[in-house]
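Hi there,

Here is the structure I promised to send over. Have a look below, and my notes follow.

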Amino acid sequence: MSWDEVDESVCPIARSLSVVGDRWTLLILRELSMGSTKFDEIQAQTGMSSFLLSTRLKRLEADGVIERVPYSDRPLRYEYVATDKGKELDPVLLALRGWGMRWGKYRKNEPPAVNMVLKRTGETIDADWVPGKADTPFTFDLCDATVGRKFAAERKGRAAAFRAGRRASASKSE
């Protein structure tokens, strides 16, 4: 079976992967869950080319995972938000976060990149946390999140490098 035929399989895992089966899609969803909803914000934090990001966003929109919502009328500008279908992938991202915290070369007791606390109980969501019945279906909307110092610095550096690259491109084209 070729990659183009995966969405025709009777296997639900294969069909799911036809929508979210690349790293870029999951990074886009991570960014949306972190409040980066504008094209440039997503591009800066993922490092995707504008062509690749545009292609992925259009595909996610066509698949009903995200939607484009206008945030400015003049000029007309859009931001991206996860739909209910897209938010159903939050437990997948949570599982990947936990797996990465357990197996991703983290030092024991290293603070998480994002500290997440369940709003309902104040419970910290660590690598081994599993949603209880009251917290299912799980979405990141159920949490208060604080970006850790190291991850905040990493994100700030990415954003600065992105802006500098944009300025350099603009000055070359003048």
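Which side chain does Glu79 join in a polar contact of 2.8 Å? The partner is the side chain of Thr37; a polar contact is a pair of N or O atoms within 3.5 Å, where within protein one must be able to donate a hydrogen and the other to accept it, and residues adjacent in sequence count only if both atoms are side-chain atoms.

Please keep in mind that this is a predicted model, in which local features need pLDDT of at least 70, side-chain atom pairs count only at pLDDT 80 or more, and totals for chains, interfaces and linings use all residues. Residues are numbered from 1 along each chain as its sequence is written, and side-chain values use heavy atoms, with hydrogens and water left out.

Glu79 sits in strand β2, residues 76-82 (strands are DSSP runs of E, at least two residues; helices are runs of H or I, at least four; both are numbered from the N terminus). Glu79 is buried, yet it has no salt bridge (buried is under 20% relative accessible area, exposed over 50%, partly exposed in between, with a 1.4 Å probe and protein chains only; a salt bridge is a side-chain nitrogen of Lys or Arg within 4 Å of a carboxyl oxygen of Asp or Glu). The nearest side chain of opposite charge is Lys38, 4.0 Å away (Lys and Arg count as positive, Asp and Glu as negative; His and the chain ends are not counted).

Ser54, in helix α4 (residues 50-62), is partly exposed, with a relative accessible area of 24%. Its C-alpha atom is separated by 21 Å from that of Ala160, 106 residues apart along the chain.

Best wishes
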